[in-house]
Amino acid sequence: MESKDRLLAAMTAAIVEGDRAAAEALAAKALAESLDLHEVIEKGYIPGIQKVGALWESGEYFLPELISSAECMKAALAVLKPALAAARAEAFLRGKVVIGTIEGDIHDIGKNLVASMLSANGFDVLDLGADVKLARFIEAAEETGADLICLSSLLTTTMLNQRRLIEMLKERGLRGRFKVLVGGAPVTRKWAEDIGADGYGENALAAVKLAVALGPKRRLG
Ligand code: B12
């Protein structure tokens, strides 16, 4: 148990220090030791990028450090991704999801995590990437017959586009066709309610629970 805690602490430190090799090696170790990958991500890596955010806010870190930590985070998640995806084979299709970071916003770490976890939990996920135009979300959802549209926003300015997307769905007579889930650091339950979203999740696990609850019941049988 103690060694697991040490491993989680080392993951956090690797992200804070921007040590990519260590971040990747620790992810490989987590796989080798069959650790719970949700715990590894939530308690090992995410606290690292949160600390980096705090160091940036306090003026101790600058953009290069932020970018290098973000790259480390991505590299570690890339190591874990195949194992997360493998879990999917055991699940059955729970619904189709279109996900992306909303127009004007390039933050994609949290969105990638949510996409990976949804995929690992049996959802068919189309990840549109970051800075995705509002119309593109709607086109993709219509094309793929999606059940859920998941919108990530990390900036207070781009959060407004979540509201705009829901308005666009209404304007096009499509609001009833898709469930809209919103998330991202500045997003709150209150905001989700205010804009008429179907749900808000504070982290990737919450996103999965929400998607399961809101997804098409017919395929859950
Ligand atoms: C890493 C980072 C960057 C990296 C992004 C790299 C990348 N590829 O993503 C870089 C360096 C590029 C960057 C750039 C910028 N950043 Co930045 N960044 C961050 C930082 C430190 C961490 C974000 C992160 O990855 N967190 C970890 C992930 C795992 O958490 P998460 O994204 O919140 O996601 C979780 C949940 O929110 C949830 N979730 C996420 N999406 C969804 C979606 C759904 C549907 C659901 C249900 C759940 C859900 O689940 C996720 C997993 O648990 C934050 C600080 C912070 N405290 O958030 C600032 C922060 C978001 N950035 C900020 C800013 C200002 C910027 C810049 C504008 C800086 C600049 N002057 O250029 C640019 C943005 C340019 C743009 N147009 O987008 C501000 C935003 C302030 C604000 N009020 O809007 C923050 C808060 C820092 C700060 N305190 O000032 N940034």
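The legends below describe close-up views of a predicted model.

Local features are reported where pLDDT is at least 70 and side-chain atom pairs at pLDDT 80 or more, while totals for chains, interfaces and linings use all residues. Residue numbers start from 1 along each chain as its sequence is written.

**View 1. The shell around the ligand.** The ligand has 37 residues around it, of which Gly-53, Gly-110, Ser-152, Gly-183 and Gly-201 come nearest; a residue is near a molecule if its C-beta atom, placed from the backbone, lies within 6 Å of it. At least two shell residues come from each of helix H3 (37–57), helix H4 (63–88), helix H5 (109–120), strand S3 (148–152), strand S4 (179–183) and helix H9 (204–214). Helices (H or I, at least four residues) and strands (E, at least two) are DSSP runs numbered from the N terminus. H3 gives the most to this shell, seven residues. By class the shell has 22 nonpolar, eleven polar and four charged residues, where Ala, Val, Leu, Ile, Met, Phe, Trp, Tyr, Cys and Pro count as nonpolar, Asp, Glu, Lys and Arg as charged, and the others, Gly among them, as polar.

**View 2. The ligand and the two domains.** An automatic or database domain assignment sets the domain bounds, giving domain 1 (2–88) and domain 2 (95–219). Both domains give residues to the shell around the ligand, so the ligand lies between them. The centres of domain 1 and domain 2, taken over C-alpha atoms, are 24 Å apart.

**View 3. The side of domain 1 that touches domain 2.** Contact links 13 residues of domain 1 with nine residues of domain 2 (C-beta atoms, placed from the backbone, within 7 Å). H3 and H4 are the elements that give two or more residues to this side of domain 1, and H4 gives the most, with nine. This side has eight nonpolar, one polar and four charged residues.

**View 4. Helix H7 (residues 156–171).** The 16 residues of H7 should span 22 Å at 1.5 Å a residue, and the end C-alpha atoms are 24 Å apart, which agrees; the expected span is 1.5 Å times one less than the number of residues. Gly-173, with a positive phi near 70°, follows the helix.

Note on methods
Contact = placed C-beta atoms within 7 Å.
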